[in-house]
Amino acid sequence: MLRALIEDFSAYQDRDLSDQESLPQADGLNRHQLQRLARAGLLSREGRTFLPSAAALVWRQSGDPALLVETFHHNVRFVGEATDALASGPRTHEQLLDLAREHFDLPWEASGPVRDRTTWLTVTGMVDLFDGRVHLTDAGRDILARIVMGRPEPDDTDTTAQLMPAAGAVVQLIEQLAEAGLRARADGANLYVPGTSANGGTMDALQVLVEAAMPSITEADFMQFVRNTFPKAQTTATARTAKDTLKALGLIRRTSSKTWSAAPAAIAWVESGEPSELARTVHASIAFFGEMLGVLDEAARPTSGTLAEHSMRYLPNRGKPLSRSAVNTRLNLLEVCGLVTRLSQTTYRTTALGQAFKYSVPCLTSDDGPSHVAPAADGADESHRDDALGSTLPLDSLGSDIAAELESSARASATPERLEKAAVAALAYLGMPGEHVGGNRAVDGHVRFGVGADSRVLAVETKTAASGRVVDQTLFHLAGHRAKIAAEVTLLIGPGFGPSMLMEADDDPVIAVIETGLLAEVVRHQERTPLTPTQLAPLVDPALRAAQRGDAIRGHWRDQEIYSELEYALVDILNVEAEVPLEEGAGSISPRFDASSEPAGTASRRTKSWKPSIFLPQGGSAFSTALIRGTAASLVSIPRGSAFALSGINGQQPRKSIIECAQETKLARSQKG
């Protein structure tokens, strides 16, 4: 396949490839995948055009696989180094993973990246795999004499680095960053870049998406492009978040009510291929990006948790710190631009290039006043908050932190206990107290849903998958786990499930399948649009299939937003009426409404109703009385001319909106003088 790809591109080498449609169709590879080959050194780029690299053309002529390995080694970390490590004897993939982590500072959680490299080496004949170990071949020993081994770069923070000059469109962005411009940047609190973040995948994904918007694209086509290009971004909500992220980063802009196009600065970055152009554009668009580099230099413990705590000082338009998820997205962007290097899973250091970048762009000065981050309980050292990742997640963590850990741990297949604890913490945050259990032959955790006689015990079973989809795992043992804790229902939680496994779980009447993406979304929404236990019931209802669960929850969110708008409007009416002198027989609480005169049970039934009901007293009162949510304490007055039936009175349909009624109230107030 690789040889055919190089052949195809060689045939197009002398043609005009400025148009994306001119690209050869090599076994359906998309531009995102072609960009990965470019990063491996097999393709080169001229603007938006892909052509075979010089090394690829030499290999095409000679057919020598050693040339491929040399090219990989020069462009991808831990290819030649892994080969060199095998010179002393065969090793397992786990041993090679340990070597990559400890000696080359590669932040890999699982052996997947190592296996990718040994696959390349196997195909080229440099290694052989048998008896569970990777063995070096004679061809592999020969290649070691032709390549120069790399070692972790020394601490180069005291050295200098040269930044490439900015392009014209990017220069204009930076010149606008006076004090007011810095404060006007977006918060960038909800950023999502599809694809994988490993091996520069974030930059590849952004470039592919920007190119899709060159010269322009409709919103519907753009979201479809996201779903077609990135297998893990299949929902409309995910595709929309990706589009909103590109807008927040300053990479695309709206050109009409239906179309988007790449921003001039984004086009300059794509055409130059220079990472610093991307960094400058992002810094000009979202707060706390370039400023992070200074915090990393100053912080005693430069972790994502530390940065989240410091972010509040650089967010003049936001009332709370960024979540770890938002911080990690920024760190990933800084890393792919070469401005920071990762020392461990959670710690980073500014590179020499990062130092140069920090002094080359205007940055917002830190607010040195009191920190807005809530202190740790009982005076505990806040530096230990970061221990939530990989250990017990505190139940008092912000919903955004819990949601971020859910999404991260769902793919951490090497540490499944993280997802177990995160799932229990998330459910507890939603009002379902429980505990983590874990261990072999035991339920991962259990929670209680409901109160009193109506409460139920729910078993929590979690599944992780680095690929984002759990496949080929049996479910027969779940019944035994439920029996041990007297649970009625199993909550099967994971990043996604293969078709056959999902069908089996959905068909089981006592299993509720919950994807971690949905659970994280519910947790985040609970901070701003809280749902009651009754409204949260669809989340754990085994009668619903996985595909129906999200729609049911989102319906309740829409209802809550409507109720919130209604309540705000009625409060406005109350505020206006409070300034109107009371008339005889009038007032906020109509004398014509007497709950004691109603038939037994009427008031209690109305009090339990969730829908607003409007009562229209007859007589000489200048105001009619509205009962909101059936609670006598919520009685407010509406002008008689504004009578309407929100939930229907005697079958009537609404005639006016509550907003119109509020406006009429204000008009009546002004006419009374």
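1. Where does pLDDT stay under 50, and how many contacts beyond four places in sequence does the model have there? The stretch is residues 582–656, and the model has 122 such contacts for it. Please keep in mind that this is a predicted model. Where pLDDT is low, the predicted coordinates should not be read in detail.

2. On confidence overall, the chain has a mean pLDDT of 76, with 71% of its residues at 70 or more. Among its elements, strand β7 (residues 259–262) has the highest mean, 96, while strand β15 (residues 613–614) has the lowest, 36. Residues 152–160 also fall below 50 in pLDDT, and that stretch makes 12 contacts in the model beyond near neighbours in sequence.

3. The largest nonpolar core has 64 residues, and within it Leu206 and Val210 touch the most other members. Helix α18 (residues 324–336) is the top contributor to this core, giving 6 residues. A second, separate core holds 36 residues, including Leu68, Val69, Leu86 and Leu144. In soluble globular proteins, nonpolar side chains tend to be buried together.

4. Leaving aside residues up to four places away in sequence, Val210 touches Leu246, Leu251, Ala262, Ala266, Trp269 and Val270.

5. Have a look at the helix pair α21 (residues 416–429) and α24 (residues 516–528). Their axes are 10 Å apart and the packing angle is about 40°, with a left-handed crossing. From α21, Leu419, Ala426, Leu427 and Tyr429 take part, and they meet Thr516, Leu519, Val523, Gln526 and Glu527 of α24. Sorted by class, this contact has 6 nonpolar, 2 polar and 1 charged residues.

6. Which residues of helix α19 (residues 352–360) are buried? They are Ala352, Gly354, Gln355, Phe357 and Lys358. The buried residues of α19 pack against α15 (275–285), α16 (290–298) and β9 (348–350).

7. Finally, a loop residue. Thr464 sits in the loop between β12 (456–462) and α22 (478–485). Why does Thr464 count as buried? Thr464 does so because its relative accessibility is 15%, and the cut-off for buried is under 20%. Beyond residues up to four places away in sequence, Thr464 touches Ser409, Ala410, Ala412, Ser413, Pro416, Leu419, Val470 and Pro495.

Notes. Residues numbered from 1 in each chain as written. Predicted model: local features only at pLDDT ≥ 70, side-chain atom pairs only at ≥ 80, totals over all residues. Heavy atoms only, no water. Core = buried A, V, L, I, M, F, W, Y, C linked by side-chain atoms within 4.5 Å. Buried < 20%, exposed > 50% of the residue type's maximum accessible area, 1.4 Å probe, protein only. Helix = DSSP H or I, 4+ residues; strand = E, 2+ residues; numbered from the N terminus. Contact = heavy atoms within 4.5 Å. Axes fitted to C-alpha atoms, helices over the stretch in contact; angles between N-to-C directions. Left-handed = near helix turned anticlockwise from the far one by under 90°. Nonpolar A, V, L, I, M, F, W, Y, C, P; charged D, E, K, R; others polar. pLDDT = per-residue confidence, 0-100.
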